[in-house]
Amino acid sequence: MFPTLLLPFFVYNKGMERIVIHSDLNNFYASVERTLHPELTGKAIAVCGSKEARRGIVLAKSEEAKRFGVKTGDTVWQAQKKCPHIVCVPPHFDEYIKYSRKVKAIYARYTDLIESYGIDECWLDLTHSTLIFPKFEPKYVEVNKEQHFSDAYLKFLGDYIREEVKRELKITVSCGVSFNKVFAKLGSDLKKPDGTTVISYLNYPSVINALPVEDLLFVGKATTQKLRGMGLSTIGRLAAADDKLIIKTFGKVGDTLLKYARGLDCDAVKHMDDKREYKSIGNSNTYPADICDFARIERLLYVLAESVAARLRESGQGLADTVHLWVRYADLSDFSVQKKVRHTALCGEIASHAFALFKANIKPPFKVRALGVTVSGFDNGSSQLTLDETNGKYKKLDAVERCVDDIRKKHGYDKVQRGIVSQEPPSMRADIKNTHLIKPGNFVDPEAADGNSEN
């Protein structure tokens, strides 16, 4: 039985029910490629991350390719085996960024509360924008002497946003419309492609009650397994669970899980100019062939650490005190581990810690197909200087890495390389920071590393 809840409509907006839309651009990379190349319309296409046709990885695919079972992360030869007539095209990340900005410019006509969730998703708060939309006056329904927006009106808003993007940019969008960010995100996943789902005060129990618990935002594999082991296989069961049991099992994260499942998320949609506060910053990469030796693992961890350190410096979150390592094997099983470290934002230190974790936990023979490096525990500039920092060693290394950042921005990623990476020629051109566009998150599954992955 779904519990009776006092929903926080009137907390954030002082008496006004919130209208939050989550926008998810369908098959975004493939859709942009079709816009750039109309001759691809109607064909099964895959955007692949390597020019070596049969060794690349599928980064995105069209609906036609999906119908043949093509998945993100498939090698090109796997995609071609599933769909022999598939058309493989290289990625054009500059164009994807350009189109992402064009979409947000459309949204900005109606609200300045636009919070990005990766390159192809964002939240909009339209609570105070309803009078901007033409041809359809807000409709209300009275429940328990309170007025709430009708489902028909909320669907109109989602449909209007979708049609604007489709008409101007020839890209389809799936929208979720709700009274908070978590349910809006949940809704956008339910009708793909090109659909609007309303999860409102009036219908939310019937829509979400029976959905799998893993559909809830930020619930990763490890948390899902634990919840299912407790008999909490649906969002409705989690919402009705005993608070003490959940908090005892998951700690502070348990309180967040309950709030999300019960519709009590009060997180505001950030202003389009606000900087996001990250709980973690990371990146991962899938490789076209198995990695079987320590030397290559170390080099590839340095490549990942370069992107993580650069992202951390850009974020303004200060230094990190925890390094996470994620490994996926050739049989698709995976492993994650983390360790506390001295506060740092240096690539060399992050890579060294990640490699030490690898050596301590994984013994040969091994066949690694993917690696991920993440940092967390940010100090926001409050850490005390250690002895070697006082002597200037850390500051000098930090200045060098920031200088490298500037050179790469101006002249290109491959113009400055570490010696260790130069031993891995393909990695010298692997600008993972600017080509693997991850989704940031405010919630970290404490037992999984599956929250930081490439699109």
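A nonpolar core is taken here as a set of buried Ala, Val, Leu, Ile, Met, Phe, Trp, Tyr and Cys residues that are joined through side-chain atoms within 4.5 Å. In the present structure, which is a predicted model, the largest such core comprises 38 residues, and the members that touch the most others are F28, Y29 and Y107. At least two residues of this core are supplied by each of β1, α2, β2 (45–48), β3 (58–61), α5, β6 (121–125), α6 and β9 (173–178), with α6 giving the most, namely 7 residues. Apart from this core lies another, of 35 residues, which includes A345, A354, F358 and F378. In soluble globular proteins, nonpolar side chains tend to be buried together.

For F28, when neighbours within four places in sequence are left aside, the residues in contact are Y96, Y99, S100, I119, D120 and I171. Because its relative accessible area is 17%, which falls under the 20% limit, N27 is classed as buried.

Helices α5 (residues 93–107) and α6 (residues 151–169) pack with their axes 10 Å apart and at an angle of about 135 degrees, and the two are therefore oblique to each other. The crossing in which α5 passes α6 is right-handed. On the α5 side the contact is made by Y99, K102, V103, I106 and Y107, which meet I161, E164, V165, E168 and L169 of α6; by class, this contact has 7 nonpolar and 3 charged residues, and no polar ones.

K192 and P193 are joined by a cis peptide bond, for which omega is about -5 degrees, and P193 lies in the loop between α7 (181–188) and β10 (196–199). D194 is also located in the loop between α7 and β10, and its phi is near 60 degrees, a positive value in a residue other than glycine. With a relative accessible area of 24%, D194 is partly exposed, whereas N27 is buried. A cis peptide bond also joins P364 and P365, with omega about 0 degrees; P365 is found in the loop between α14 (347–361) and β14 (368–378).

Terms used:
Residues are numbered from 1 along each chain as its sequence is written. This is a predicted model: local features need pLDDT of at least 70, side-chain atom pairs count only at pLDDT 80 or more; totals for chains, interfaces and linings use all residues. Side-chain values use heavy atoms; hydrogens and water are left out. Axes are lines fitted to C-alpha atoms, for helices over the stretch in contact, and angles run from 0 to 180 degrees between N-to-C directions. Helices (H or I, at least four residues) and strands (E, at least two) are DSSP runs, numbered from the N terminus. Angles under 35 degrees count as roughly parallel, over 145 as roughly antiparallel, 65 to 115 as roughly perpendicular and the rest as oblique. A crossing is left-handed if the near helix is turned anticlockwise from the far one by less than a right angle, and right-handed if clockwise. Contact means heavy atoms within 4.5 Å. Ala, Val, Leu, Ile, Met, Phe, Trp, Tyr, Cys and Pro count as nonpolar, Asp, Glu, Lys and Arg as charged, and the others, Gly among them, as polar. Buried means under 20% relative accessible area, exposed over 50%, partly exposed in between (1.4 Å probe, protein chains only).
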